[in-house]
Amino acid sequence: MGRTMGESMHPADGHDMIRVHGARENNLRSVDVEIPKRRLTVFTGVSGSGKSSLVFDTIAAESQRMINETYSAFVQGFMPNVARPDVDVLQGLTNAIIVDQQRLGADPRSTVGTVTDAHALLRILFSRLGRPYAGPPSAFSFNTASVRASGAIKVERGARKAVKQTFQRVGGMCVHCEGRGSVSDIDLSQLYDDSLSIAEGAFTIPGWKSDNFWTVRVYAESGFLDPHKPIREYTEQEMEDFLHREPTKVKVEGVNLTYEGLLPKIRKSFLSKDKEAMQPHIRAFVERAVTFTDCPECDGTRLSERARSAKIGGISIADACAMEVRDLAVWVRALDEPSVAPLLEALGETLDSFVEIGLGYLSLDRSSGTLSGGEAQRTKMVRHLGSALTDVTYVFDEPTVGLHPHDVQKMNDLLLRLRDKGNTVLVVEHEPETIAIADHVVDLGPGAGTAGGRVCYEGTPEGLRSSGTLTGRHLQDRTPLKEKVRTPTGVLRIRGADAHNLRGVDVDIPLGVLVAVTGVAGSGKSSLVHGSMPAEAGAVLVDQNAIRGSRRSNPATYTGLLDPIRKAFAKANGVKPALFSANSEGACPACGGAGVLYTDLAMMAGAATVCEECEGRRFQASVLEYTFGGRDIGEVLAMAVSEAEEFFGSDQARLPAAQRILSRLSDVGLGYLALGQPLTTLSGGERQRLKLAARMADKGGLYVLDEPTAGLHLADVGRLLELLDRLVDSGTSVIVVEHHQAVMAHADWIVDLGPGAGQDGGRVVFEGTPAALAASRSTLTGEHLAAYAGG
């Protein structure tokens with residue numbers, strides 16, 4: 001029955017807003033905002049303006065914290081601890097489901113199938129229908145090793161007694177590669193020169209000098225090897241000890257050390273570390289010395305022979321996982337087995353969700369670490385599409401990142417569908433097409449960092465256009481198609497490229513110009529520029545892999561800026577450079593250089609309090625007495641990049657080495673960042689540009705950038721184009737994998753791949769200038785570029 005004219009509204013219907021008052025998380029300045037429920041709200045603003053701080057660190061974080069508190073203390077002990085955000089009042093919250101841009105785990109045993117539970121359903125299916133019978137679902141899991149054990153166990157209950165027990169678990173892991181699908185092969189010629197002896201300096205590993213007590217001298221004085229004999233003349237036993245010996249205690253000059261074979265030592269010291277965090281020369285050594293090949297035992301399927309032998313209609317689980325998801329969905333729907341009908345229905349719905357979200361070209365055995373940021377985010381959405389839940393809050397972080405303009409409309413339809421089911425949808429976004437479909441817009445700014453953190457506009461998308469804010473002014477920006485393009489200085493020839501879905505592609509990429517590689521997601525762009533680039537090209541790659549760093553890492557440490565600064569302080573004061581590192585001798589003894597004291601409160605969120613001794617400055621008081629140019633090291637690290645650039649360019653503190661790094665940070669639009677700001681507080685776009693600034697120091701004539709516009713506000717895209725122009729004009733060749741039409745329009749040359757994704761892609765469908773592509777409208781990219789230029 002409907003409500004009569006005189007009937008008052010039910011009290012339960014009055015909670016139609018999420019109210020935030022006095023939000024101060026990160027750079028937010030006591031923000032007050034009211035967000036309508038069961039509507040689509042888009043949060044805009046330049047990178048670093050406070051969007052993520054408001055949406056993720058305040059609203060979503062408090063929702064998750066309050067949900068966690070409904071569980072018992074025992075259960076909370078197993079859940080992540082979430083601290084209460086710095087906010088006065090939060091009302092009207094509902095359960096928040098976060099779909100962020102964080103890359104999926106890069107563990108080699110993590111695949112698209114495992115992270116979406118599709119593989120778990122397939123394992124059950126094959127354990128029920130596979131013939132010959134291979135075992136329970138665990139027999140098809142490449143993460144599960146087979147285990148057998150027997151013996152006596154003592155049960156301490158009443159009268160203690162020994163009980164004989166046997167235990168057996170059937171797993172599907174390939175024994176040879178341990179479920180990784182690939183094995184690493186180390187090129188021994190890159191580790192040592194076998195014509196020389198150890199005493200003559202046979203090792204060619206970076207940092208392994210003849211007087212190094214912990215590396216070379218352990219081998220020379222271990223007693224297992226003759227240090228004066230050329231390595232090629234070693235006996236079989238000596239070679240075994242040299243390359244493979246298990247860790248063994250030895251004495252070198254009276255000091256107890258551990259001797260270990262060269263190959264396991266290299267694996268531990270180099271291969272277990274994040275390549276992105278390595279120094280350039282170390283990274284180059286690893287890329288040169290190590291190759292990964294498919295496991296010869298399982299052909300890269302990760303599965304044991306037993307798991308691969310069980311088949312349904314001639315298809316094994318390895319075959320099923322290697323299919324494109326859209327083909328696998330057809331195969332699953334064709335199975336007519338009433339005994340497993342509910343399972344087939346659930347699996348079919350999951351696979352259909354992949355296709356619906358535009359990921360039908362993926363396969364379930366695709367390693368999750370190889371997905372782009374946009375693919376990873378959409379993969380996380382799969383489990384929510386068929387959900388019957390309503391009145392929950394979905395929180396998205398730039399869902400259009402990595403999407404071709406052709407696919408943006410599909411994503412917009414999905415967001416609207418979630419809203420229309422009665423959910424609140426909060427989206428952090430820069431894409432004008434997504435802003436246009438919003439019911440409500442919250443624009444933060446006016447600038448970034450300390451210049452942001454305020455609400456500049458609240459209202460409709462139409463009102464934003466005429467609001468005069470930075471976002472509003474740039475919503476209609478259009479970069480014109482380049483009329484006069486640069487002349488190439490050479491050509492990079494790629495022949496027979498067949499990585500992933502590429503179909504023997506031959507392409508000549510012009511050098512000395514700005515080249516954009518375009519195409520829908522899954523068309524083969526990354527396979528072409530990353531997987532098929534000739535090694536001799538010497539390309540400097542800036543990809544989308546996340547920067548890894550603790551709260552002790554900051555822009556100054558990541559870019560190497562702190563090194564010249566420490567040396568300048570040390571020279572000016574006649575002391576050691578280590579004093580000016582908060583991670584070394586200069587650290588405050590009370591907090592260990594962290595600036596805060598952390599107290600673990602078990603199942604409750606840990607408490608962080610500012611260190612009273614150093615007042616959060618992280619250094620010993622005696623270190624802060626030393627100055628350079630009138631500033632102490634704490635004051636320098638508190639400076640923003642733009643302020644530091646001016647400081648180190650002044651007469652009293654001139655430091656060209658620091659200024660070069662700072663100018664690169666300014667060039668990529670990070671002039672507002674504090675030098676000592678923890679990396680853990682940076683947004684995705686800020687991390688991407690910080691990586692770009694750091695890699696610009698690498699010497700190379702060719703830069704390959706993977707979607708550098710990710711996370712960039714419309715106002716910053718123009719600055720990025722200026723930076724790319726400067727790189728090219730200085731003699732550097734630049735190849736950009738990009739979906740943003742502004743970058744396409746500004747390029748000198750476009751290589752468009754397609755025509756579709758997965759098996760429907762992998763071919764070059766256009767090569768030429770942006771103007772020619774827009775004029776021909778012969779591809780999806782051409783159609784959207786023409787519409788953009790005409791808009």
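Reader: What is a salt bridge?

Author: A salt bridge is a side-chain nitrogen of Lys or Arg within 4 Å of a carboxyl oxygen of Asp or Glu. Side chains of opposite charge can pair when their charged atoms come close. The model here is predicted. In this structure, D729 and R486 form such a bridge, with their closest N and O atoms 3.2 Å apart.

Reader: Where in the chain do D729 and R486 lie?

Author: D729 belongs to helix α25 (residues 714–729), while R486 sits in the loop between α17 (470–474) and β18 (490–497), so the bridge ties together parts that are 243 residues apart in sequence.

Reader: Which residues are linked in a network of salt bridges?

Author: K482, R486, D725, D729 and D748 are linked in this way.

Reader: How many salt bridges does a search of the whole structure find?

Author: The search finds 33. One of them joins R180 and E178, whose closest N and O atoms are 3.1 Å apart. R180 is partly exposed at 35% relative accessibility, and E178 is partly exposed at 39%.

Reader: Which residue meets D651 in a salt bridge?

Author: R654 does, with an N to O distance of 3.2 Å. D651 counts as exposed because its relative accessibility is 69%, whereas R654, at 46%, counts as partly exposed.

Note on methods
Residues numbered from 1 in each chain as written. Predicted model: local features only at pLDDT ≥ 70, side-chain atom pairs only at ≥ 80, totals over all residues. Heavy atoms only, no water. Buried < 20%, exposed > 50% of the residue type's maximum accessible area, 1.4 Å probe, protein only. Helix = DSSP H or I, 4+ residues; strand = E, 2+ residues; numbered from the N terminus.
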